[in-house]
Amino acid sequence: MKPLPFSAALALRPLCVALAVACSAGASLVPGSARAAAAVPEEFHQAESLIKALVQRGMLPAARGEAMLREARQQAGLPADRATEGALRAGGERERVRAEVREEVRQEVRAEVLATAQALLARTRPVAQSPSSTGLPSLGVAAAPTTPVSRAGVQAAPAATTLARTVAPAAPAVMAAVVQAAVAPPAAALSASPAAPSAAPAAPAATPPAVRVPYIPQPVRDAIRNEIKEEILAQARSEQWAAPASSGVSGAAEWTDRIRIDGDLRVREQRDHYGGQNPSPQDFLLASLGGATRAADLSAGTAAGLPLANTEDDRDRLRLRARLAFTAKISDSVSAGLRMATGSSSDRVSTNQTLGQNANRYAFLLDRAYIRLEPTHWLSVTAGRMANPWFATDLQWSENLSFEGVSGTVRWPAMGARRLEPFATLGYFPIRENAPPRQARALVGGQAGVQWDGERTRLRLGLAQYQYSHLEGRVDGDYDASLGAGRSYGQYEYEAGLRQRGNTLFLTNNPLEVAAGLTPDRFKWGLASRFKPLALTAAAQFSHFAPVVLQASAEFVKNTAFDRKEIAARTGLQLTDGSDRGLMLRLTLGAEEVRERGQWQAQIGYRRVGSDAVLDAFTDSDLGLGGTNLSGVTAGFLYGLDRQVSLGVRLISGRALDSMTVQPSLKSKYSIDSLQVDLNARF
């Protein structure tokens, strides 16, 4: 018979008792002459096998098992089975040997743990007592699983009684008596069963005399010894005992159980190919003199009027990204996280570091730092610099973007037959501090959604509304013809350290400064539109052909604050082009996440984001080298070279939608194609 696991044997103890009683009671109703010739019922064999399994595992005393089967055979008119009784006795003797070996192993592990503790205490002798005087308590090891009488009395009795009434209602008195005997064995039977060891090992004088069983071979004893030691060491690992390394138990410090460290490295070869019909940097600079642009970085120039950008020459570079994250579990409801990353302090959407800087060292910056509170299973609040709290795509938020502020998420976890899991997220994120006379800038957002989990399908839907405050530009009035700029001058600028490319911009410089002779290096560009994007996001995952998984995602966004008339009244800029809408579609096929050797993932996506659909500062930085006013296709393939190591290839093709100079008569045919080859490693 194949041995039963401990949990199965425990659950089947009431069953075997009931079956034994049922078959004996049923057989007792047969006339004596018929009983003598009747074959042993199949149910009796099943009950007999289960009782043997319980005896072999020490969950039922051998004497009690023999008595149960002997009584059942007598009532059924069946002859005694000496082989079965011998097997039960052997099982009982085996358990006695197991108890003896267990005590030996417990003493060995105890000695190893105490030796390690004494070695550690010896290091403190100059400032503490010697190990012999510390009164260090002995470390007890839990015994192998057993079935206490109290546990059986609570759980086994109701189950056994119910099953017995169901199987053999004709003999309730006999069944009740045997069930009572099984769940409350007499003192003699209890004395034959091995007692669970105490928390501390017993003194040598109290240890019962060893029982040597000659017919238990030494290999069997060794197997029992190894099994018991593995059980004890498994508990030691889970409880972090300070046992020596030779025993296989980790002696790590307590803090290692609360802090997780992970990270990743990426080496990227990137080639950017500029379209042959792209305007020259000089064209962008001259067009910006009209007071508007959608590519301020391409309109950059010196005081002498020389352009600084590149729009025509292909670029080939080797890039590196390194990230290291620490997550700490402070308590059951509080955690904290830190993440360091390469990159620039003025680029929030990229963590890449271009190699070839004269072999100089690179900056390793604080990318995330947050505290998360989870007082209940349905609420979490995060404060600090955190990961994106919204369910969204890179149509609006770059995957490298970290949010600064406070967010809270409420979830209604799916329970029982209900598969829907509604959620809601609120967040407040300052962009610029409130430092008068300059006004504070901030992002406020709210999202509500629902997730549905089927057997092989997962669907998620979210609707979000975001609003930026005091981010739109205005013609600056804090300027004096004789004294120059005031304290608040430049507060309406959409500064170079924040913007990317694509939003419609206009000059916020005071007309007096412009009349005095404004040079390109002193241009202060401001946002023409206000931003209040409404975003609908959907995602689906189909695992019908697992491990190949199909994932699809889509997002539609509309800037509900975009108003051409309001723009003209506030800025004097008459817009005839531009767009307030964006759309993203993406399909992914392959492994859900490439982690192991041989796993793969293929992806294709399409994106079309209007000039003023979203704020260009926080969008993806790869399509068209970042920003809005772009449409394009992304295709990529990722393959697992080894565990946590992958090689990826991605082709990104982007085209400008509307004029980058805000002059429809000079509509730009600006385009960039990028090829990225990535070697990734996680740890």
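Modeller: Residues are numbered from 1 along each chain as its sequence is written, and side-chain values use heavy atoms, leaving out hydrogens and water. As this is a predicted model, local features need pLDDT of at least 70 and side-chain atom pairs count only at pLDDT 80 or more, while totals for chains, interfaces and linings use all residues.

Colleague: Good to know! What average pLDDT does the protein have?

Modeller: pLDDT is the predictor's confidence in each residue, from 0 to 100. Over residues 1–11 it is below 50, and the stretch 243–250 is also below 50. Where pLDDT is low, the predicted coordinates should not be read in detail. For the protein, 71% of the residues score at least 70, and the average is 80.

Colleague: How many helices and strands are there?

Modeller: Both are DSSP runs, numbered from the N terminus: helices are H or I with at least four residues, strands are E with at least two. On that basis the secondary structure comes to twelve helices and 22 strands.

Colleague: Is S488 buried or exposed, and what is its relative accessibility?

Modeller: S488 sits in the loop between β13 (484–485) and β14 (505–507). Beyond its neighbours within four places in sequence, S488 is in contact (heavy atoms within 4.5 Å) with P437, D476 and D478. S488 counts as buried because its relative accessibility is 10%.

Colleague: What is the length of the polar contact between the side chains of S488 and D478?

Modeller: A polar contact is a pair of N or O atoms within 3.5 Å; within protein, one must be able to donate a hydrogen and the other to accept it, and residues adjacent in sequence count only if both atoms are side-chain atoms. For the side chains of S488 and D478, the value is 2.7 Å.

Colleague: P437 came up there; what is the omega of the peptide bond from P436 to P437?

Modeller: P437 lies in the loop between β9 (420–432) and β10 (441–453). Most peptide bonds are trans. The bond from P436 to P437 is cis, with omega near 10°.

Colleague: How far apart are the end C-alpha atoms of helix α4?

Modeller: The expected span of a helix is 1.5 Å times one less than its number of residues. Helix α4 (residues 62–76) has 15 residues and should therefore span 21 Å; this agrees with its end C-alpha atoms, which are apart by 21 Å.

Colleague: Which residue caps the N-terminal end of α12?

Modeller: Helix α12 (residues 564–571) has I567, A568, R570 and T571 as its buried residues, and their cover includes β14 and β15. At its N-terminal end, a side-chain oxygen lies 2.9 Å from the backbone nitrogen of K565, and the capping residue is D563.

How values were computed. Buried means under 20% relative accessible area, exposed over 50%, partly exposed in between (1.4 Å probe, protein chains only).
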